[in-house]
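Take a walk through this structure, from the DNA contacts to the protein fold and then to the symmetry. Keep the 3D view open as you read.

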There are 2 protein chains.
Amino acid sequence: MSKSVCEQLKLENQLCFPLYAASRLTTKIYAPYLKKLDITYPQYLVMLVLWQYNEMSVKDIGNQLFLESNTLTPLLKRLERKKLIIRSRSIDDERTVIINLTKSGLKLESQAQTIPQQIENSFTVDGFEKEELIVFRDNLVKLLNILNKQKK
Amino acid sequence: MSKSVCEQLKLENQLCFPLYAASRLTTKIYAPYLKKLDITYPQYLVMLVLWQYNEMSVKDIGNQLFLESNTLTPLLKRLERKKLIIRSRSIDDERTVIINLTKSGLKLESQAQTIPQQIENSFTVDGFEKEELIVFRDNLVKLLNILNKQKK
DNA sequence: GAAGATTAAATCGTGTACGATGCAAATATA
DNA sequence: TATATTTGCATCGTACACGATTTAATCTTC
């Protein structure tokens, strides 16, 4: 990349902008599906983690999603208000808050089952081949790992 | 992709999550550089647009960044408070608000010149080849175009 | 086993995002 | 040309993100 400094400052030549915009627009693609479940996109991500691992501390969820308690605590309180989860202090370590799914939280998983396929379809219909999509996702994960390493 | 429905609900198998997380972590990579300029990441994106096009309406900026006035108006007011831009109503069309750079807004560009290269370096040092990075970016832009088409 | 360091959540303040709505200016149409 | 529609921006309410700080519990170290 031997672009001039001026060229580099252009929006389309940066990695950051398409990443930022694609992330936001993707969230919007989920919106109509998630509206039916009455949850937001970040709340959906938390539910994905809980469906997979069942019981987790706030810290654990944060490690999965790269989020801290300052974001998670209010979000989890909203999920609790929706009766999807239960927040309780660990007996072993009073500092730790344990998140458990309620029955309706657990039941919501079946309603969410169809979402990933529908989203994937909306990407593949015009544009991406499925194989291409996999390579792309692997690249994203690779970037994510690099970014995560830098953090430390 | 013949993953079971259950598998598809796992975090690492979705496209959306690495996109969301990578976008957020990338923003954090920018933070120390932007702190020196005393602007946030979305403010930086607006400045990129203005450095490239000089004079733009709120609508124009929104078209470039996929943002609406409900996000841009308060953000632009903050940039105005920092004396980086001037907001004024168009004479031709009183509905339109024209954004112009101030002298210090224009001057800030030279301070931002080094940022893209530094960011690119932090991606390439361990992990990504430059060519790989270009393919990846092109994929992101492709996704962005698909997403943008779906919106309409 | 008390003092100090570390850790897990929570709280606070600021700044996005975004759906929904309001409002005034401009445009289209009867 | 009066009226309806559209357009560009602003406002409002809700929900993230996140740096910085606080609080309480646990762990270290002597």
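Which phosphate oxygen contact does a backbone N or O atom of Val97(A) make, and at what distance? The backbone atom of Val97(A) lies 3.3 Å from a phosphate oxygen of DNA strand C. A polar contact here is a pair of N or O atoms within 3.5 Å; within protein, one must be able to donate a hydrogen and the other to accept it, and residues adjacent in sequence count only if both atoms are side-chain atoms.

This is a predicted model: local features need pLDDT of at least 70, side-chain atom pairs count only at pLDDT 80 or more, and totals for chains, interfaces and linings use all residues, while side-chain values use heavy atoms, with hydrogens and water left out. Residues are numbered from 1 along each chain as its sequence is written, and chains are lettered from A and ligands numbered from 1 in the order in which they are written.

Stay with DNA strand C. Chain B reads a base instead, with a polar side-chain atom of Asn70(B) 2.8 Å from a base nitrogen. The surface near this strand draws two or more residues from each of H2 (16–37), H4 (58–65), H5 and E2 of chain A, and from H3 (41–53) and H5 (69–81) of chain B. Helices (H or I, at least four residues) and strands (E, at least two) are DSSP runs, numbered from the N terminus. In total, 28 residues surround DNA strand C, the closest including Tyr20(A), Thr73(A) and Thr40(B). A residue counts as near if one of its heavy atoms lies within 4 Å.

Now turn to DNA strand D. It too is surrounded by 28 residues, among them Gln43(A), Arg78(A) and Tyr20(B). Sugar and phosphate make up 71% of its atoms within 4 Å of the protein. A polar side-chain atom of Ser69(B) lies 2.8 Å from a base nitrogen. One of Arg95(B) lies 2.9 Å from a base oxygen. Val58(B) uses a polar backbone atom, 3.4 Å from a phosphate oxygen.

Next, the fold of chain A. Its open sheet has three strands in the order E1-E3-E2, with antiparallel pairing. Strands E1 (56–57) and E2 (85–89) of chain A stand at the edges with a single partner each, so one side of each has no neighbour in the sheet. Two strands pair if DSSP finds at least two bridges between them. Two bridges join E1(A) to E3 (residues 97–101) of chain A. Met56(A) has Ile99(A) as its bridge partner. Helix H3 (residues 41–53) of chain A lies across E1, E2 and E3, at about 80° to E3(A). H5 (residues 69–81) of chain A touches E2 and E3, at about 125° to E2(A). Axes are lines fitted to C-alpha atoms, for helices over the stretch in contact, and angles run from 0 to 180 degrees between N-to-C directions. Contact means heavy atoms within 4.5 Å.

Finally, the symmetry. Chain A can be laid on chain B with an RMSD of 0.0 Å by a turn of 180° and a shift of 0.0 Å along the axis. That is the relation of a two-fold axis. The same surface serves both copies, and 100% of the contact residues of chain A recur in chain B. Copies are superposed by least squares on the C-alpha atoms of residues with pLDDT of at least 70 in both.
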